[in-house]
Each structure stands twice: as C-alpha cells, then as structure tokens.
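Here is a walk through one model, heading by heading. Keep the viewer open and follow along.

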Amino acid sequence: MNLYLIRPPAAAIAAHVCYGVSDLALAAPLTPVLRHLRPLLPKDAKIFSSPLQRAWLLAQRLGAAQADPRLRETDFGEWELKPFEEIGAPALERWAKHPLSHRPPGGESALDMSARVLDFLHELCQEEAAESVVITHSGPLRSIAGHLLGLPQDRWLDLDFDYAKLTHLQITGGRASLRLFNR
C-alpha cells in the first residue's frame, strides 16, 4: 500500500493563537498547492480527509474524497481560539511537561486524538487499497507516521509536517518505509 499524507495549507488565523478543531478558512488560494501536489499523487488513489474546511476543501479539489471525523485535529477545548498569552504560562508549562497526556479543560489529549486517528488507520489498512491519500492536520499526521514508522510515542512530536506538502509512506507486510517527506 502506498500512503500519501498531506497537511492542508495554512489557516487564516493570527499568529500565537491556539486552534485545533476550530473550522477555519484557508489563508491563501488553493491553486498553487494543487499545481504542486497533483503531479505527486496517483490518479486512482482513494482520498480521505478531515471534515474541517482547511483540509476538506483541498481534498475535494483533488478528487472524490471521503470526510472522516476521526481525522480532525486535536480538540483544545477552552483553549480553542485563545491567544497563548491568554491561556497563561502555568497552564502551558503543565502541557509542555506532559505533551501527550495533558488534556486542556474541555478538550482532549494528544493520546486521545491519536486513539481515534489510529482507529481510522487500522480500518484503512484492512481495506488493502493500493493507493490512499490522507489529508489531515499536524497532530494526526504525527500519529499516523510515528505509528507506522515504529517510533516511540514521545518521538512523534519530533515529526514536523510542513503546510501543503506531501509525505509518502510505502507499507509492505505491515512495515512502513518513508519514501518522501515534506515534498
């Protein structure tokens, strides 16, 4: 199976604001992104996407896409759309000490998000599709790639996916190999 992972283009939001499940518009037109990505993707791939518009709009322009809510970004609860300064240093320090298990008030932890994303991945791998494209956000991409590459969970955060770039993993016999990263 060839798995193509794409982080959507940047969202239209001010810098230093916390966001995850907030459904934000794109900051720029999709045309240059489509010109870049189309030649890198197989024409017959199944396309799966987060339902958040910053991913879904790209998915629809690439082909017949299926939205799956398990591919949403992390829900930061009460922190959503708040400037980090307003969240405050003590709360952010608690998060930084336990980045995988810390759950913002009313939100979910990175481990919670990973559980739902890996549930999607398990189903996808059972389908045995030859070519699949997954358009989702940084947190879910880290979970998918980190899991498939056999990295310890505490190293998943080291994977830094660029906006509107493609990562290609080839999965054979339950093992994944990295073919492209952030192209």
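## Starting at Glu-123

At 41% relative accessibility, Glu-123 counts as partly exposed; buried would mean under 20% relative accessible area and exposed over 50%, with partly exposed in between (1.4 Å probe, protein chains only). This is a predicted model, in which local features need pLDDT of at least 70 and side-chain atom pairs count only at pLDDT 80 or more, while totals for chains, interfaces and linings use all residues. Residues are numbered from 1 along each chain as its sequence is written, and side-chain values use heavy atoms, with hydrogens and water left out.

The partner to look for is Arg-70: its side chain meets that of Glu-123 in a salt bridge at 3.0 Å, N to O. The term stands for a side-chain nitrogen of Lys or Arg within 4 Å of a carboxyl oxygen of Asp or Glu. Arg-70 sits in the loop between strand E3 (65-67) and helix H3 (84-87), and Glu-123 in helix H5, so the pair ties together parts that are 53 residues apart in sequence. Helices (H or I, at least four residues) and strands (E, at least two) are DSSP runs here, numbered from the N terminus. Arg-70 itself counts as buried, at 17% relative accessibility.

## Helix H5 and its cover

H5 runs over residues 110-127, so 18 residues, and reaches 26 Å from its first C-alpha to its last. That is close to the 26 Å expected at 1.5 Å a residue, where the expected span is 1.5 Å times one less than the number of residues.

Which residues of H5 are buried? They are Ala-110, Met-113, Ser-114, Arg-116, Val-117, Leu-118, Phe-120, Leu-121 and Leu-124. Their cover includes strand E1 (2-6), strand E2 (46-49), strand E4 (131-135), helix H6 (138-148) and helix H7 (153-156); contact here means heavy atoms within 4.5 Å.

## Other salt bridges

The structure holds eight salt bridges. One of them joins Glu-127 to Lys-46, with the closest N and O atoms 2.9 Å apart. This one links distant parts of the chain, Glu-127 being in helix H5 and Lys-46 in strand E2, 81 residues apart. Glu-127 is partly exposed, with a relative accessible area of 42%, and Lys-46 is also partly exposed, at 33%.

Now try Glu-108 and Arg-116, a salt bridge whose closest N and O atoms are 2.5 Å apart. Are the two residues buried or exposed? Glu-108 counts as buried, at 13% relative accessibility, and Arg-116 is buried too, with a relative accessible area of 13%.

## Aromatic pairs

A pair of aromatic rings is described by the distance of the centres and the angle of the planes. Rings of Phe, Tyr and Trp (its six-membered ring) pair if their centres lie within 6.5 Å; planes under 30 degrees apart are stacked, over 60 edge-to-face, and the rest tilted. The structure holds four aromatic pairs. Among them, Phe-48 and Phe-120 are edge-to-face, 5.6 Å centre to centre with 70 degrees between the planes. Phe-48 lies in strand E2 and Phe-120 in helix H5, so the pair ties together parts that are 72 residues apart in sequence. Phe-48 is buried at 4% relative accessible area, and Phe-120 is buried at 3%.

Trp-79 and Trp-95 also form an edge-to-face pair: 5.3 Å centre to centre, 65 degrees between the planes. Trp-79 is in the loop between E3 and H3, and Trp-95 in helix H4 (residues 89-97), 16 residues apart. Trp-79 is buried, with a relative accessible area of 6%, whereas Trp-95 counts as partly exposed at 23%. Together with Phe-76, Trp-79 and Trp-95 form one aromatic cluster.

## Helix H6

Nine of the eleven residues of H6 are buried, so this helix is largely enclosed by the rest of the structure. Among the buried ones are Pro-140, Leu-141, Ile-144 and Leu-148. Their cover includes E1, H5, E4, H7, strand E5 (166-172) and strand E6 (175-180). Following H6 is Gly-150, whose phi is positive, near 75 degrees.
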